[in-house]
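This report describes selected features of one protein model. The sequence and structure are shown first.

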Amino acid sequence: MIIVVVVILVLIVLGLVVYNVSIHKKIQKFKNMNQKINNLYVVQDFMNAIGETSTVEQKIKKINDILIERYEIKYSTIVVFDGAEYQVKASNVDSKHWKALKTLQEVDMFKDSIQTATPKYVTVNNPNERLPYQEMEFGRAKSAIFFPLYIDNVYIGYWIIESGTPHDFDNVDTTVLEVIKENIVSVLKTVVHQKTLESIVRTDLFTGLYSEEYLYGEGKKVIDQYTISTICMFKIINIQEINKKYSRELGNKVITQVSQYVADSIDKDYVFVRYMGPKFVIAFSGAEATGVGDFLNEIKEKIENMQIELTEEERKTLDLEVKLPKQNVKGANPREIATPKLNFAISSYYKGTGLEEVLKKLEEYLDKADSKESDITNL
């Protein structure tokens, strides 16, 4: 009888063990699934941060804030080499400590980490100790993980997380941190392209308008505040004829006066740039093509009724030789007067799609259109 009871108890214990193991596996599986879902949310937050209307620096700072909030990191700092020096791009550490944080590549323990592209974990055993890279700090950080960052195998900087507690990262899931690091790299890769565009934006000499590159940086931020916008590209189709028949100086004046009239006629919230040569782009942010057409018709009519000529002062300044023909039989004295002719193409743009593709389509249409076509075409 006792033997039977013992056997039953053993079976019950074994059953409980199996049950507990099963429950543990399910809990672990749930935790892993929950972590994956959380990572997906973080990635989504990253993507939202990239699409926000902000500068590159603001985007990186927003990403760092997301890391701190979602993963409950005490201190997080992203340092990037800009080609000349290391710069703290984002950090929630007091700025008085940034000098030390942006020179970690010079610390021996991190040099090996950079060379081998592997993270480096450092901590203290005694709360009275300080981490080796800290020069004047004693109470702020007691443990840290250093992650070197690479874009296409090229070292670009590092990400370091810190805690005020010794051994705080002993049991941290490094695979999750690696995923976060890769997401940081992906974001940096994206914003590097934006930074490049921001740095090459120039102001056109004659019109005072921004160049084409502005559309893909600051301009796109304005446009993408709306779900649907209308993109218009127009071309002064007789500019070469004006240059050849009269002078390049008169052609330049046509370009400046046409662009000035358009700039004065449109809302300041719209983006207006000189795209290339005699081609210009207006981004009617938040406006649909049906409403834009009538407005462009008015502008087109006004511009094509302009009579543009160089003043005597402009002729003298440019040192132009004025050769007026003899009076005709009616006694008129012909002047060098240019009247611009425009060809328009418009298309809808949807937030999140390729703006460059829309512009390419519009440009191809205007370039292939008949040289005498002067219309407003909705593509």
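## Setting of Ser285

Where does Ser285 lie? In this predicted model, Ser285 is found in the loop that separates strand S8 (279–284) from helix H9 (289–303). Because its relative accessibility is 7%, and buried means under 20%, Ser285 counts as buried.

Apart from neighbours within four places in sequence, the residues in contact with Ser285 are Val222, Ile223, Tyr226, Ser229, Asp269 and Tyr270.

## The antiparallel sheet

Five strands form an open sheet with antiparallel pairing, in the order S2-S1-S5-S4-S3.

Strand S1 (residues 75–81) pairs with strand S5 (residues 154–163) over 6 bridges in the antiparallel sense. Within this pairing, Val79 has Tyr158 of S5 as its bridge partner. Helix H4 (residues 108–116) lies across S3, strand S4 (143–151) and S5, and runs at about 35 degrees to S4.

## Nonpolar cores

The largest nonpolar core contains 31 residues, of which Phe234 and Phe272 touch the most other members. Two or more residues each come from strand S6 (228–236), helix H7 (239–245), helix H8 (248–265), S8, H9 and strand S9 (342–350). H8 gives the most, with 6 residues.

Beyond residues up to four places away in sequence, Phe234 touches several residues, including Val258, Val262, Phe272, Phe280, Ile282 and Leu342. Another core, of 21 residues, lies apart from the largest one; among its members are Tyr71, Ile145, Phe147 and Ile161.

Definitions and conventions: Residues are numbered from 1 along each chain as its sequence is written. This is a predicted model: local features need pLDDT of at least 70, side-chain atom pairs count only at pLDDT 80 or more; totals for chains, interfaces and linings use all residues. Side-chain values use heavy atoms; hydrogens and water are left out. Helices (H or I, at least four residues) and strands (E, at least two) are DSSP runs, numbered from the N terminus. Buried means under 20% relative accessible area, exposed over 50%, partly exposed in between (1.4 Å probe, protein chains only). Contact means heavy atoms within 4.5 Å. Two strands pair if DSSP finds at least two bridges between them. Axes are lines fitted to C-alpha atoms, for helices over the stretch in contact, and angles run from 0 to 180 degrees between N-to-C directions. A nonpolar core is a set of buried Ala, Val, Leu, Ile, Met, Phe, Trp, Tyr and Cys residues joined through side-chain atoms within 4.5 Å.
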